[in-house]
Amino acid sequence: MLTRSATPEMAEAWKAVSAAYRPRLRPNRAPAEALVDYLKNRYPLLEMKDKRWNRLVEQSVLQNEWAAEKLQGRKPRAVVFSLENRGEGARLYQEQEPLFQGQAIVAGIELETGYFHVEGAANYGTSCLPPGAGRAGFAK
């Protein structure tokens, strides 16, 4: 998540990273269940039972053309977790950007497509996840 205006230097850095890694990227290397298992084994989590969070993840998939195609007519199924501010999760809260201070870090995963997103932290969309998780992962 970009939380400030992009600079030409930032754009050049992004282009360099893209050029270096694009040939090795493959879509959906890790299945959603593996991502859920990884999060459960690495971080203290609370499964959120509030259906509004599940609908947020499901609607994100349905509004994303690429992800919606992967459903192939199936109904989206989401799980949402709040990372607790203890153990390994405390590190993520300590490094949380000022914009998100005091907010819970929430990870939502759609089980049919592997789509995921993280709320409450700009830089943890991928850093709290295993290599190869989500929409693009590294090929072996």
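User: Let us start with the turn between two strands: which residue takes a positive phi in the hairpin of E4 and E5, and how many residues lie between the strands?

Analyst: The names come from DSSP runs numbered from the N terminus, where a helix (H or I) has at least four residues and a strand (E) at least two. In this hairpin five residues lie between strands E4 and E5, and Gly114 takes a positive phi near 85 degrees. Before we go on, please note that this is a predicted model, in which local features need pLDDT of at least 70 and side-chain atom pairs count only at pLDDT 80 or more, while totals for chains, interfaces and linings use all residues. Residues are numbered from 1 along each chain as its sequence is written, and side-chain values use heavy atoms, with hydrogens and water left out.

User: In which sense do E4 and E5 pair, and over how many bridges?

Analyst: Two strands are said to pair if DSSP finds at least two bridges between them. Here E4 and E5 pair in the antiparallel sense, over four bridges, and Val106 stands opposite Glu119, which belongs to E5.

User: How many helices and strands has the protein, and in what order do the elements run?

Analyst: There are six helices and six strands, and, read from the N terminus on, they follow the order α-β-α-β-α-α-β-α-β-β-α-β.

User: Where is Gln72 found, and is it buried or exposed?

Analyst: Gln72 is found in the loop between H4 and E3, and it has a positive phi of about 45 degrees although it is not a glycine. For exposure we use relative accessible area, with buried meaning under 20%, exposed over 50% and partly exposed in between (1.4 Å probe, protein chains only). Gln72, at 66% relative accessibility, therefore counts as exposed. Glu69, which is found in helix H4, is likewise exposed, at 55%. The C-alpha atoms of Glu69 and Thr113 are 9.2 Å apart in space, although the two residues are 44 residues apart in sequence.

User: How many salt bridges does the structure hold, and which parts does the pair of Glu112 and Arg74 tie together?

Analyst: Side chains of opposite charge can pair when their charged atoms come close. A salt bridge is counted when a side-chain nitrogen of Lys or Arg lies within 4 Å of a carboxyl oxygen of Asp or Glu, and the structure holds nine of them. In one of these, Glu112 and Arg74 meet at 3.0 Å, N to O. Glu112 lies in the loop between strand E4 (105–110) and strand E5 (116–119), and Arg74 in the loop between helix H4 (65–71) and strand E3 (78–83), so the pair ties together parts that are 38 residues apart in sequence. Glu112 is partly exposed at 24%, and Arg74 is partly exposed at 38%.

User: Which residues touch the most other members in the largest nonpolar core?

Analyst: In soluble globular proteins, nonpolar side chains tend to be buried together. A nonpolar core is a set of buried Ala, Val, Leu, Ile, Met, Phe, Trp, Tyr and Cys residues joined through side-chain atoms within 4.5 Å. The largest one has 18 residues, of which Leu83, Ile105 and Ile109 touch the most other members. Helix H2 (32–42), E3, helix H5 (88–94), E4 and E5 each supply at least two residues of this core, and the largest share, four residues, comes from H2. Apart from it lies another core, of nine residues, among them Leu71, Val80, Val106 and Tyr115. Over the whole protein, buried residues make up 41% of the 140 residues.
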